[in-house]
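Subject: Structure for you to look at

Hi,

Here is the structure I promised to pass on. Please open it in your viewer and read the notes below alongside it.

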Amino acid sequence: MIEQFGWSDALGQDFAPHAAQGYAPGRVTVQHRGLYTVATDFGELNAQLSGHLMREAEEGGYPAVGDWVALTPREGGAATIHAVLPRRTAFLRKAADSVQGVQVVAANVDVAFLVASMNADFNARRLERYLASAWQSGAAPVVVLTKADLCEDADAAVAEAEAVAIGVPVLGVSVVTGAGMEDLAAYLKPGETCVLVGSSGVGKSTLVNALAGEELMATAAIREGDAHGRHTTTHRELVRLPGGALILDTPGMREFGLLEVGDGLDATFEDIDALARECRFRDCGHANEPGCAVRAALETGALDEARWKGFQKLQRELNFLEAKEDRAARQTNRKHWIAIAKANKASKKIKGEW
Ligand SMILES: Nc1nc2c(ncn2[C@@H]2O[C@H](COP(=O)(O)OP(=O)(O)O)[C@@H](O)[C@H]2O)c(=O)[nH]1
Ligand SMILES: [Mg+2]
Ligand SMILES: [Zn+2]
């Protein structure tokens with residue numbers, strides 16, 4: 001069964017020390033609060049974390065959908081998870097609870113389909129944001145523009161997205177006419193894992209159902225008159241498509257927040273990165289410095305003003321997040337030292353007067 005979920009020889013090597021301890025491998029397909037559904041050679045098991053993993057997990061160390069874990073099966077289809085295998089890729093977000101700080105929302109994803117609908121206004125800034133978080137995760141992005149049947153000029157919509165997603169494949173598709181569906185299927189390779197990210201109502205679950213050839217996911221009819229979808233997908237679930245690829249549908253994009261997106265930002269804005277390297281001063285702020293290649297490109301129109309603004313905004317956000325992380329790290333250190341101080345005090349009491 002685990003072969004069907006993407007198990008490989010390389011994973012087998014990573015798993016060897018766990019196998020030596022008598023643990024079995026499995027892949028997390030669903031996560032709801034402290035409970036995990038895990039695909040294993042013993043079938044699907046309902047797993048919980050071991051007390052040790054719960055206490056000792058580092059930041060982002062709890063299992064997420066897509067993770068490979070080491071577990072012991074228990075009676076009645078239950079299991080205990082002892083460890084999480086190293087991740088090849090990971091989508092991160094700030095955890096809701098401050099204990100974990102960073103949370104993994106999807107692990108070991110090979111391809112990230114960034115989904116937008118052709119019948120809604122194209123939002124270049126949002127696409128840049130999605131691209132940055134996809135690059136940051138380590139997954140390869142593919143832009144998918146849905147509902148081509150509702151768009152008068154689908155080619156123009158694709159071209160518009162291509163201008164933003166430089167060097168990234170952009171596909172126009174429709175589940176109504178079937179247009180582009182073969183091109184999309186070409187990215188679904190057996191044993192590989194894909195995730196669909198995009199606003200609610202763009203047609204992510206409909207795509208999964210079309211690719212699966214059956215109604216695996218609930219979909220929502222969009223209310224007449226506005227393009228806002230309802231959230232019908234309530235949890236993340238990794239499902240296996242007939243061709244052998246694994247696909248993860250997500251309730252919405254909100255959970256794929258930006259985080260330490262540094263590398264992702266450079267990859268998304270390669271053009272700006274290249275321009276900035278042409279500036280006369282290495283630490284050019286691209287404001288009033290002489291010999292600034294960025295300003296020159298803005299003046300000639302070679303660099304789009306809105307694209308530059310979008311980049312600056314993401315960068316400010318990134319700086320903010322980094323500052324916040326620094327604060328969080330200092331806070332954790334402080335807590336750590338307070339705990340040690342308390343423990344010292346307590347042990348002195350026990351040991352009595354010296
Ligand atoms: N006309 C048309 N409607 C579509 C297409 N794909 C999805 N839809 C509709 O868009 C609505 C939202 O789809 P859904 O899959 O629930 O979106 P999700 O929130 O992204 O999962 C549903 O009413 C679908 O039938 C398409 O290619 N063409
Ligand atoms: Mg959905
Ligand atoms: Zn400059």
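A few conventions to start. This is a predicted model, where local features need pLDDT of at least 70 and side-chain atom pairs count only at pLDDT 80 or more, while totals for chains, interfaces and linings use all residues. Residues are numbered from 1 along each chain as its sequence is written, chains are lettered from A and ligands numbered from 1 in the order in which they are written, and side-chain values use heavy atoms, with hydrogens and water left out.

The protein chain has 10 helices and 13 strands (DSSP runs of H or I with at least four residues, and of E with at least two, numbered from the N terminus). Of its 354 residues, 45% are buried (under 20% relative accessible area, with a 1.4 Å probe and protein chains only). Its accessible surface is about 18,900 Å², and carbon and sulfur atoms supply 51% of that (Shrake-Rupley method, 1.4 Å probe). Among contacts (heavy atoms within 4.5 Å) with a separation of 6 or more, 63% join residues 24 or more positions apart.

Now the backbone. Most residues other than glycine have a negative phi. Lys 147, however, has a positive phi of about 60°. Lys 147 sits in the loop between strand E9 (140–146) and helix H4 (154–164), and is buried at a relative accessible area of 17%.

His 286 also has a positive phi, of about 55°. Its loop runs between helix H8 (270–276) and helix H9 (293–300), and His 286 is buried, with a relative accessible area of 15%.

Best wishes

Methods: Buried < 20%, exposed > 50% of the residue type's maximum accessible area, 1.4 Å probe, protein only.
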